[in-house]
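Open your viewer and keep the selection tool ready. This tour goes stop by stop.

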Amino acid sequence: MRAVSALSDAETIRSMALACVEAGAPDEAEELLLRALELDRGNLLCLRDLAVLQGASGRWEAASETLRLAQAAAPDDAATLSDLGRALTEAGEAASAVEILAQARSRDPGDPRIVYRQACAQLALGETAGALERIEECLAADPAYAPALRRAGELYRALGHPHIALERYECLARLRPDDPETQALLAAARWYAGDIEASAVALGEIVNREAAPSFTYSAYIATLLHREGETGASLRSAAEDWARRYAPAAPPAPIATSFDPDRRIRVAYVTHEFGAGPAHFFLLPLVRDRDHENFEVFAYHLRETVDAEAALVRGLADGWRQLTPDHVAGAAAEDGIDILVDTAGHYGPGLPAFLARIAPLQMTFPSYPGTTGAPEIDHILTDRWVCPPGEESQYSERPIFLDSGYLPYAAPDAPPPAELPAFANGHLTFGLFQRPPKMNARVWDAVASILRAVPESRLLIHYGLAELDDPGSPVHARFARELDSRGVEPARARTRGPAAHLEHLAILAQCDIALDTFPYNGQTTTCECLWMGVPVVTLAGGPHVARVGLQILGRVGLDRLVADSPESYVEKAVGLGAGLDDLAVLRSELRERMQRSPLLDGSVVRAIEHAYRKAWRQRCKQQNNW
């Protein structure tokens with residue numbers, strides 16, 4: 001710093017600071033800029049450069065203060081106002097940011113970056129519609145503005161418009177053809193739009209590159225679950241390759257705990273799915289119905305927000321942590337966790353943490369219907385339905401078989417099942433309620449065969465895609481093509497898009513018979529249909545993911561609705577609808593059947609905790625050399 005002290009020119013010192021930035025020395029650059037500002041407190045460029053460094057290190061409040069000084073020095077400078085708006089948004093002052101960015105835009109209405117930053121501020125305030133409008137204005141001004149294209153794709157996908165999202169990601173990919181992250185986003189958009197094969201091929205090419213991030217490889221594995229022809233062995237192979245590639249280089253730290261086989265056990269469930277969503281209804285019983293005397297349960301919530309459903313879990317758990325995946329290991333050590341349980345597999349952000357031994361026992365509860373591939377996960381909770389004898393090798397984990405079945409269910413509040421719709425409608429209504437990526441060609445073949453065999457029947461398609469409510473959307477065109485090409489008049493199908501949960505349940509109840517998808521079976525929707533009195537016909541395949549329908553139906557005594565071939569699937573659906581009186585009786589009995597079954601009688605959580613205790617005793621025996 002001797003050379004600096006001899007300088008008196010703020011611009012010269014700023015030049016040195018920029019050189020430090022180029023050399024990867026931001027701390028030295030910041031020190032130089034502060035020195036320059038001692039010489040010239042109102043130097044606009046130094047102030048803005050300093051704010052950039054502060055923002056880059058996450059100090060957005062400091063960046064906001066610095067840019068306020070810059071604003072005082074140049075009140076009409078649009079670039080300064082724009083930077084201040086971004087800093088305020090990042091610092092949690094989005095309302096102030098909106099005002100500042102409006103000023104910036106009035107001074108330079110043609111700058112797309114300012115418009116984009118307005119959108120980001122509105123998103124922070126929860127004004128999604130307004131934010132999307134700003135983003136489209138930004139793209140109208142500059143169709144190649146990459147941040148806006150990416151954010152547009154994210155928003156359209158979240159709002160249930162996968163094909164518009166796909167268009168935005170395709171534009172982004174043309175701008176960044178060699179960027180793996182962009183290509184991964186495009187592949188994911190194809191998945192949401194229902195093109196599993198294109199998504200799997202694209203993601204497969206990306207993961208063959210050494211630089212592919214862990215979450216991209218997980219997305220590839222999750223895509224394979226939907227793909228026809230995959231086996232338990234092929235799915236395990238892909239998952240184990242993921243685990244080998246992303247295993248930590250450093251050995252884990254020793255685990256300090258008391259290996260007492262009979263003491264109260266501390267269990268932590270790690271997931272991003274405690275909140276509203278399909279998995280909530282299967283995770284809630286694990287916390288709500290636990291044995292308080294013998295188990296202390298922690299919920300590790302990997303989301304920034306806590307909705308009403310997550311708050312319910314928070315209130316029931318003995319311990320609650322709102323974490324990022326990088327902090328799971330530290331939390332487990334601090335809480336003295338004995339058994340760490342992943343519940344989201346390759347669908348969640350927490351799985352990489354399990355690649356290190358951060359708890360004495362590590363397990364997976366398969367809301368994600370398959371193996372994790374992680375050698376450091378000791379056990380998977382499973383049952384004879386999804387893993388019949390001889391199929392244990394589909395898991396890298398050691399399976400723990402639960403006689404009750406591994407899934408518990410927290411039934412939603414809903415009115416009792418109404419009368420069979422066919423009586424009022426004068427025709428049968430079949431329901432197809434799974435996400436479009438599950439609707440492959442063989443599923444459409446079977447659905448069309450059923451509709452042809454029951455000429456007066458109708459098809460109700462319902463899923464949380466806004467496109468389903470737009471008759472002119474690409475997803476409507478796709479469904480029409482699938483039916484028409486198989487000899488079924490598209491007018492026989494109607495669609496319903498997103499709905500609040502009670503309305504969603506009421507929509508399910510509008511059909512007489514629900515048709516499951518394959519090879520990826522439904523789980524939440526199957527339980528919801530049964531709860532509303534709607535029987536489900538399913539096709540059982542080979543791996544775990546293709547046998548979840550069998551598991552649910554088998555546990556409520558409806559094995560007769562499980563097919564072993566597409567032809568049998570069609571026969572069972574057609575035969576079930578042939579006797580409306582019998583179908584009406586079954587409809588009236590289904591809720592009681594569920595209530596008496598292990599899905600709802602509390603036996604699953606007791607079985608899981610018994611398995612925890614047994615595994616813990618074995619671990620203590622191993623540790624203590626008994």
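Predicted model: local features only at pLDDT ≥ 70, side-chain atom pairs only at ≥ 80, totals over all residues.

**Stop one: the second largest pocket.** Select Arg86, Glu90, Tyr116, Cys120 and Arg151. Of the 14 lining residues, these lie nearest the centre of the second largest pocket. The space there is about 310 Å³. Now colour α6 (78-90), α8 (112-124) and α10 (146-158), the elements that each give two or more residues to this lining. The most come from α8, with six residues. Colour the lining by class: seven residues are nonpolar, two polar and five charged.

Cys138 is buried because its relative accessibility is 0%, a value under 20%. Next, select Cys171. Its nearest cysteine sulfur, in Cys138, is 13 Å away. Cys171 is partly exposed, at 25% relative accessible area.

**Stop three: the largest nonpolar core.** Select Phe365, Phe430, Leu459, Leu530, Tyr569 and Tyr612. Among the 105 residues of the largest nonpolar core, these touch the most other members. Helix α27 (residues 603-624) supplies the largest share of this core, eight residues.

Zoom in on Phe430. Beyond its neighbours within four places in sequence, Phe430 has contacts including Ile450, Leu451, Val454, Leu459, Cys511 and Ala573. Ser457 and Arg458 are also in contact with Phe430.

**Last stop: the second core.** Select Leu235, Ile337, Leu340 and Tyr520. They belong to a second, separate core of 41 residues.

Definitions and conventions. Residues numbered from 1 in each chain as written. Heavy atoms only, no water. 1 Å grid on protein atoms, 1.4 Å probe; cavity = no way out; pocket = protein on both sides within 12 Å on 5 of 7 lines; lining within 4 Å. Points joined across faces, edges and corners; volume = space filled by probe spheres on them. Helix = DSSP H or I, 4+ residues; strand = E, 2+ residues; numbered from the N terminus. Nonpolar A, V, L, I, M, F, W, Y, C, P; charged D, E, K, R; others polar. Core = buried A, V, L, I, M, F, W, Y, C linked by side-chain atoms within 4.5 Å. Buried < 20%, exposed > 50% of the residue type's maximum accessible area, 1.4 Å probe, protein only. Contact = heavy atoms within 4.5 Å. Disulfide = S-S within 2.5 Å.
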